[in-house]
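Hi everyone, thanks for making time. Let me put the structure up on the screen, and then we can walk through it together.

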Amino acid sequence: MTTSTINAPARTNRSDATFQPRAQVQNSLAPGTFDLPSLVPLMYALMFRNIASDGFTFSDPQAPGDYSKDSKPGCIIAAPSFPADTAGIDEDYVFNWVRDGAITAMEVAHAGLPARPGGSVQTLNDYVQFADLCHTNAQPTKGHACFTIAGEARPWTEQNDGPALQTVTILAAYDQLDPRIQKTAVALINANVAFLLDVYKEPTTNLWEEHVGYSFFARAAQLRCFLEVQATPVSGIDKPAGLQPAIDWLRHALDWHWDGTKYISMVADPGDGGVPSPQHPVVSDYDPNIDIVQAAVYGAVPCTDPKLLATAAQLRAQWEEGGIAFYPINKADRALGLGPLFGRYPGDVYDGDTANPVLGGHPWALSTCNVAELHYRLAADIRSTGRVPLDSVSAPFFAQSGISATTPAGAAAAALVATGDAMVRAVVHHSDNLEISEQFDGTTGYERSVNNLTWSYASYLSAMRARAAAV
């Protein structure tokens with residue numbers, strides 16, 4: 001068995017004016033001209049490096065040489081990055097997060113990998129078996145979010161979006177599983193649904209692992225899970241009587257997050273059904289939050305929802321010139337026909353170095369790709385229906401792409417694709433020779449935080465899948 005020790009040379013977070021990212025030096029094309037879909041095979045290969053198999057394992061950086069702590073096949077690490085290996089960070093990402101793993105495995109399920117004799121894809125078989133191992137070891141609840149690479153529960157938080165997204169991914173992968181693994185998959189899905197039906201009304205740790213409360217993203221992920229379980233023809237999957245009431249309740253709960261101008265990410269204080277109010281306020285400096293867009297990319301919020309689009313418009317405005325969390329790099333990129341880059345929320349201070357927080361935060365590759373995907377999905381819907389969902393609420397979003405009430409549907413779809421392309425091209429432009437970190441410096445554009453974040457690649461691939469349906 002070959003073991004990857006993930007002891008790559010450390011990288012510094014360079015921001016001096018004399019250093020240029022290798023991608024800018026080596027790319028002979030103008031920043032706005034390279035073909036984004038042509039990079040899909042490379043991005044997939046870079047992502048795939050972070051998935052363990054029988055012949056490719058990861059060692060625990062805190063216990064090198066202890067093979068009992070090596071990764072199990074199907075483990076998906078968040079990144080091959082840890083403090084001793086990556087200068088300027090104090091966080092260890094050599095763990096398996098249930099949510100991140102599901103988002104990554106979804107791209108494996110859509111990749112069209114060669115099948116083994118019998119028609120199954122071994123990586124997906126491995127993923128389901130590792131997910132089942134983690135589910136068995138999960139404590140204190142089946143919503144436990146983070147596990148060691150050997151499948152043991154790591155002291156961490158409970159996040160009820162994870163089982164929902166895991167279920168959605170396993171359903172997408174089901175036809176590519178070995179018959180024996182399909183039985184494991186059905187049992188795991190049934191266990192996840194039973195757990196979620198007990199907790200979907202309850203507070204949970206949010207997507208960014210910073211607050212406990214009523215999460216818009218978690219509710220959207222749970223709604224998608226229940227809808228897809230309800231619709232699946234897979235034999236053996238339970239469809240409990242409580243499924244439809246849960247779907248109805250979650251749809252209403254998502255509406256409760258609308259404050260009149262935007263969707264609120266989190267209700268910090270348990271209130272009457274989790275409704276924002278003066279008595280039950282939202283988290284300060286947390287909105288507009290990118291997880292609202294992610295609730296459409298990974299959850300059940302429609303890309304045509306005017307309230308979602310109004311929130312997305314405010315997200316973009318806060319990081320462009322004149323916004324409350326302006327990234328100077330977005331002004332520089334605009335002159336090149338690129339961007340903008342998106343962060344998480346205006347009060348963010350995290351950049352991989354928790355000991356030295358910097359108010360204002362930095363843009364994230366996955367955030368930017370997720371917003372681009374929203375534009376692609378909306379363009380595909382407009383091409384399909386011939387209708388632009390523009391009204392007084394969504395108008396600011398469409399205006400950011402030069403679309404008005406008089407713009408023909410075909411032209412509107414093309415404009416949305418062009419907007420998304422500019423965002424993804426900014427991610428590529430600021431990459432390290434096409435390798436993508438977690439974040440980019442908001443002033444210089446150079447990479448920050450952990451390198452080779454698995455979710456960064458998965459978000460690129462997901463965006464390109466959406467783009468293919470829009471052009």
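Helix H15 covers residues 454–468, and its 15 residues reach 22 Å from the first C-alpha to the last. That is close to the 21 Å expected at 1.5 Å a residue, where the expected span is 1.5 Å times one less than the number of residues. Helices here are DSSP runs of H or I with at least four residues, strands are runs of E with at least two, and both are numbered from the N terminus.

Do keep in mind that this is a predicted model: local features need pLDDT of at least 70, side-chain atom pairs count only at pLDDT 80 or more, and totals for chains, interfaces and linings use all residues. Residues are numbered from 1 along each chain as its sequence is written, and side-chain values use heavy atoms, leaving out hydrogens and water.

So, is H15 mostly covered or uncovered? Mostly covered: 13 of its 15 residues are buried, meaning under 20% relative accessible area with a 1.4 Å probe, counting protein chains only.

Next, Arg448, which sits in strand S9, residues 447–448. Arg448 counts as buried because its relative accessibility is 18%. From Arg448 to Ala295 is 153 residues in sequence and 25 Å in space, C-alpha to C-alpha.

Now let's zoom out. The chain has 15 helices and 9 strands. Along its principal axes, the C-alpha trace spans about 55 × 55 × 45 Å. And how much of the chain is buried? Of its 471 residues, 57% count as buried.

Notes:
Buried means under 20% relative accessible area, exposed over 50%, partly exposed in between (1.4 Å probe, protein chains only).
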